[in-house]
Amino acid sequence: MKRIPMLLLLAAPYIFIAACAAKGTIAFLTWILLCVLIYLPNMIYAFILPRMGYGGRQLLFWSLLLKVMNIPVFAMIIFFVLLFNIFVLPMAPFLILFDYTLLLPSSMYGVSGLIACCREGKLSKKGLVINIIMQFTFCLDVFSAVYGYVKARKKQSVL
């Protein structure tokens with residue numbers, strides 16, 4: 001039951017892409033609904049999970065999984081921009097907004113997991129600050145998610 005919001009978050013970008021393929025105003029309405037019903041609640045849920053018994057390692061696992069599952073979506077956006085080049089320029093603000101709506105929910109799981117790992121003594125405060133900054137930067141967020149999960153996993157296996 002605790003995993004349902006995260007599973008919906010995994011599927012959300014692909015639901016939007018399917019709505020875009022259907023064309024018309026349905027794509028915009030789908031994006032608004034996804035933001036209100038899936039993205040925003042998941043950003044809050046990421047910080048509620050530690051109170052429900054989720055540890056830093058579990059939160060970082062979900063952050064990593066979400067970020068890896070979003071890579072094909074980002075690759076499609078890059079392909080789309082390269083394919084249509086200058087014609088995409090008017091859509092740039094929407095594409096940036098769309099990219100950040102994908103980045104933020106998974107980053108919240110990362111931030112929550114990093115804070116939990118810092119509290120558990122698996123991550124230093126300096127590492128916490130650096131990784132939180134990386135969580136909000138494209139491409140670096142994936143490296144931060146991998147680093148955080150591997151670091152949390154190594155610390156747990158030693159104990």
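User: How do the residues lining the second largest pocket divide into nonpolar, polar and charged?
Analyst: The model is a predicted one, and in it that lining divides into ten nonpolar, two polar and three charged residues.

User: How much space lies in the second largest pocket?
Analyst: About 240 Å³ of space lies in the second largest pocket. It is lined by 15 residues, and the closest to its centre are Phe 74, Phe 138, Cys 139, Asp 141 and Val 142.

User: Which elements give two or more residues to that lining?
Analyst: For the second largest pocket, they are α3, α4 and α6. Helix α3 gives the most, with seven residues.

User: OK, and the largest pocket: how much space lies in there?
Analyst: The largest pocket holds about 340 Å³. Fourteen is the count of its lining residues, and Phe 16, Cys 20, Ile 77, Phe 80 and Leu 95 are the closest to its centre.

User: Which element gives the most to the lining of the largest pocket?
Analyst: That's α3, with six residues. The elements giving two or more residues to the lining of the largest pocket are α1 (4–22), α3 and α4.

User: You listed Ile 77 there. Is Ile 77 buried or exposed?
Analyst: Ile 77 has a relative accessible area of 14%, so it is buried. It is found in helix α3.

User: What is Ile 77 in contact with, leaving aside its neighbours within four places in sequence?
Analyst: Ile 77 is in contact with Leu 95, Phe 98 and Asp 99. Take Asp 99: it is 22 residues from Ile 77 along the chain, and their C-alpha atoms are separated by 8.9 Å.

User: Switching to aromatics. How many aromatic pairs does the structure hold?
Analyst: Nine aromatic pairs. One of them is Phe 74 with Phe 138, an edge-to-face pair at 5.8 Å centre to centre, with 75 degrees between the planes.

User: Where do Phe 74 and Phe 138 lie?
Analyst: Phe 74 lies in helix α3 (residues 56–84), while Phe 138 is in the loop between α5 (125–135) and α6 (140–158), so the pair ties together parts that are 64 residues apart in sequence. Phe 138 is partly exposed, at 30% relative accessible area.

User: And what kind of pair do Phe 94 and Phe 98 form?
Analyst: Phe 94 and Phe 98 form a stacked pair, 6.3 Å centre to centre with 20 degrees between the planes. Both lie in helix α4 (residues 92–119), four residues apart, which is about one turn of the helix.

User: Now the backbone. What's up with phi at Cys 139?
Analyst: Phi of Cys 139 is positive, about 75 degrees, although the residue is not a glycine. Most residues other than glycine have a negative phi. Cys 139 is found in the loop between α5 and α6, and with a relative accessible area of 57% it is exposed.

User: What is phi near in Asn 85?
Analyst: Asn 85 has a phi near 40 degrees, a positive value in a residue other than glycine. It is found in the loop between α3 and α4 and counts as exposed at 57% relative accessibility.

User: Zooming out, what does the secondary structure of the chain come to?
Analyst: Six helices and zero strands. The radius of gyration is 17 Å, close to the 15 Å that the globule rule gives for 159 residues, so the chain is as compact as a globular protein of that length.

User: What box do the C-alpha atoms fill?
Analyst: Roughly 55 × 35 × 20 Å, taken along the principal axes. Buried residues make up 41% of the 159 residues.

User: And how much of the contacts come from residues 24 or more positions apart?
Analyst: Such residues account for 74% of the contacts with a separation of 6 or more.

Conventions
Residues are numbered from 1 along each chain as its sequence is written. This is a predicted model: local features need pLDDT of at least 70, side-chain atom pairs count only at pLDDT 80 or more; totals for chains, interfaces and linings use all residues. Side-chain values use heavy atoms; hydrogens and water are left out. Rings of Phe, Tyr and Trp (its six-membered ring) pair if their centres lie within 6.5 Å; planes under 30 degrees apart count as stacked, over 60 as edge-to-face and the rest as tilted. Buried means under 20% relative accessible area, exposed over 50%, partly exposed in between (1.4 Å probe, protein chains only). On a 1 Å grid over the protein atoms alone, a cavity is a set of points where a 1.4 Å probe fits but cannot get out, and a pocket is an open set with protein on both sides within 12 Å along at least five of seven lines; lining residues have an atom within 4 Å of a point. Grid points are joined across faces, edges and corners, and a volume is the space filled by probe spheres set on the points. Ala, Val, Leu, Ile, Met, Phe, Trp, Tyr, Cys and Pro count as nonpolar, Asp, Glu, Lys and Arg as charged, and the others, Gly among them, as polar. Contact means heavy atoms within 4.5 Å. The radius of gyration is taken over C-alpha atoms; the globule rule is 2.2 Å times the number of residues to the power 0.38.
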